[in-house]
Amino acid sequence: MTRYHIYFHDDFDGMVSAVIFFDFFRKRGDKVGSFNPINYTPSIKKDWANFKFKKPFVLVDFMYHPNADWWFDHHETSFINPDWKKNYKDDDRHAFDQIYKSGCALVLAHLNKKYKYEAPKNIQELVYWGDIIDSAGYKNARQIVERKEPALRLMSYLDSLDKVDQKIYQAKQSAIIKNLATKSINNFIAYSLVSNRIKKYLSKTKKSVADFKKSAVIKGGVIFIDAINKEFPKPHFLAYYVYPKSFYSVSINKYGAYYHMSVGGNPWNKTHGTEINIGKKMRSYGGGGHKAIGGLEKKSKLEIMKIAEEIIEYLNIHG
């Protein structure tokens, strides 16, 4: 019996990947010592080679590290070290494949192929929605803004959690993962503490639409949103909800000590010219992401605002 520590990208996809591994290990007689949500920050990228993992460890839906006992990712920007990429090879415990819409779908497919792991229906449902959420494969902007489906309401609960105290946040994530390994999404969001928090979060969304119209700035085909000190859930989708004819959105927010910029293309208005690979463009500034969406973080507000201006200009010229 091995006691693993699971490190996962702190979003819906990463969380579902952790759920899969928890169930997989539990069924084969291994244990999970801890669940550790991690995010892309300037400091983590700078010190990534020497990051202090609890061992042995699983790393999912996050950039590659050569010391990982298990590693799975689907991001184009997974390898920050050229030598790591050159020496990397898929095997029974490591897989990289950009064809997958989500990291959790890659994890599930690989564990099924290599270890005959069969996920229960409740986990299959999570993976189904993980594909939609991580690839922004929504029917329209209304679906993600209004969030009527149970999985999107679950995402609202995850988005509402306070991350100021990391120990408390980590404990909540651990409880969520363990619950979702055995319960359906409907059963989980029916808990009074969860459902009440979701209702409160969604009520703020209605107010956010009106506030968003006052804050958003139209710059050519790009909607710019300075969301610092404002409560805008998923501002880039609000942009397409309020301004459906826009082509791109650029939003700035602040999480802890870092300013975060999110850049996305409107998936429901692709009538513009050549599509830009946003993930690659973000990587040139130290960030990353997918073709249609990406982001980066900086400590300086002045620096990130300057980058935002450059990105907006680039999108209007080349998009």
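Let's start with the lining of the second largest pocket. Helix H11 gives the largest share of that lining, 3 residues. Keep in mind that this is a predicted model.

How much space lies in this pocket? About 530 Å³ lies in the second largest pocket. It is lined by 28 residues. Closest to the pocket's centre are Ser135, His290, Lys291, Ala292 and Ile293. Now look at the elements. Those giving two or more residues to the lining are helix H11, residues 235-242, and strand E9, residues 258-265. What about the classes? The lining has 12 nonpolar, 10 polar and 6 charged residues.

Stay with H11, and bring in a partner. Helix H10 covers residues 192-215, and H10 packs with H11. Their axes are 10 Å apart. The angle is about 80°. How do we describe that angle? Angles from 65 to 115 degrees count as roughly perpendicular, so H10 and H11 are roughly perpendicular to each other.

Which residues of H10 meet H11? On the H10 side, they are Ser208, Val209, Phe212 and Lys213. On the H11 side, find Pro235, Leu238, Ala239, Tyr241 and Val242. By class, this contact has 7 nonpolar, 1 polar and 1 charged residues.

Next, a second pair of helices. H1 runs over residues 12-28, and H4 over residues 103-115. They pack at an angle of about 20°, with axes 8 Å apart. Angles under 35 degrees count as roughly parallel, and so H1 is roughly parallel to H4.

Who makes the contact? From H1 come Asp13, Val16, Ser17, Ile20, Phe21, Phe24 and Arg28. From H4 come Gly103, Cys104, Val107, Leu108, Leu111 and Tyr115. Sort the residues of the H1 and H4 contact by class, and you get 9 nonpolar, 2 polar and 2 charged.

Where is Thr182 found? Thr182 sits in the loop between helix H8, residues 166-180, and helix H9, residues 185-189. Is Thr182 buried or exposed? Its relative accessible area is 52%. The cut-off for exposed is over 50%, so Thr182 is exposed.

Thr182 still has contacts. Leaving out residues up to four places away in sequence, Thr182 touches Arg26 and Asn122. One distance to finish. Thr182 and Asp11 are 171 residues apart along the chain. Their C-alpha atoms are separated by 20 Å.

Notes: Residues numbered from 1 in each chain as written. Predicted model: local features only at pLDDT ≥ 70, side-chain atom pairs only at ≥ 80, totals over all residues. Heavy atoms only, no water. 1 Å grid on protein atoms, 1.4 Å probe; cavity = no way out; pocket = protein on both sides within 12 Å on 5 of 7 lines; lining within 4 Å. Points joined across faces, edges and corners; volume = space filled by probe spheres on them. Helix = DSSP H or I, 4+ residues; strand = E, 2+ residues; numbered from the N terminus. Nonpolar A, V, L, I, M, F, W, Y, C, P; charged D, E, K, R; others polar. Buried < 20%, exposed > 50% of the residue type's maximum accessible area, 1.4 Å probe, protein only. Contact = heavy atoms within 4.5 Å. Axes fitted to C-alpha atoms, helices over the stretch in contact; angles between N-to-C directions. Parallel < 35°, antiparallel > 145°, perpendicular 65-115°, else oblique.
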